[in-house]
Amino acid sequence: MHEGSIVSSLFEIAEQSKKDANLKEITKVKIVVGKFHQIVEEVMLMHFDIMKQDIPGFENAVLEMEEKDVKIKCSGCGKIFTIDEPIFICPDCDSIETELFQGKELHIQTMEGIE
Ligand SMILES: [Zn+2]
């Protein structure tokens, strides 16, 4: 159920931004999610659609999700690879000295609303 807690913390941030921007109603929330989090889009949308009913100004909001591939950078050869499995070994030089380069993103990118 980790999508549920992610969605609820996103709503906390979104509500604050809505207040800051003085918006009456939010029409769209766009988020960026790294595949490292292994979030299932359908589950995410489901939680969003249920929770938004209880949050004033978000009842008609649509969630848009942009996924980022998981990329690792090898400290040995300096190359960057996109990985599909959580195996953090350089496919080129077999080094295990790799770091996560991309894929841990999890934030709201933009919000659209009505003033
Ligand atoms: Zn390497």
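Reply: **Two sides of α2**

On one side of α2, E42 and I50 are exposed. Helices (H or I, at least four residues) and strands (E, at least two) are DSSP runs, numbered from the N terminus.

This is a predicted model: local features need pLDDT of at least 70, side-chain atom pairs count only at pLDDT 80 or more, and totals for chains, interfaces and linings use all residues. Residues are numbered from 1 along each chain as its sequence is written.

Now the other side. M44, H47 and F48 are the buried residues of α2. They sit on the same side of α2 because they cover an arc of only 100 degrees around the axis. That arc is taken from the directions from the helix axis to the C-beta atoms. An α-helix has 3.6 residues a turn, so residues three or four places apart point the same way.

What do the buried residues of α2 pack against? Their partners are α1 (2-20) and β2 (62-68). Contact here means C-beta atoms, placed from the backbone, within 7 Å.

Q38 lies between β1 (25-34) and α2 (41-51). Its phi is positive, about 50 degrees, although Q38 is not a glycine. Q38 counts as exposed because it has 11 C-beta neighbours inside 10 Å.

D94 also has a positive phi, about 65 degrees, and is not a glycine. D94 is in the loop between β4 (80-83) and β5 (98-102). With 10 C-beta neighbours inside 10 Å, D94 counts as exposed.

Terms used
A residue is buried if 20 or more other C-beta atoms lie within 10 Å of its own, exposed if 12 or fewer, and partly exposed in between; C-beta atoms are placed from the backbone. Two residues are in contact if their C-beta atoms, placed from the backbone, lie within 7 Å.
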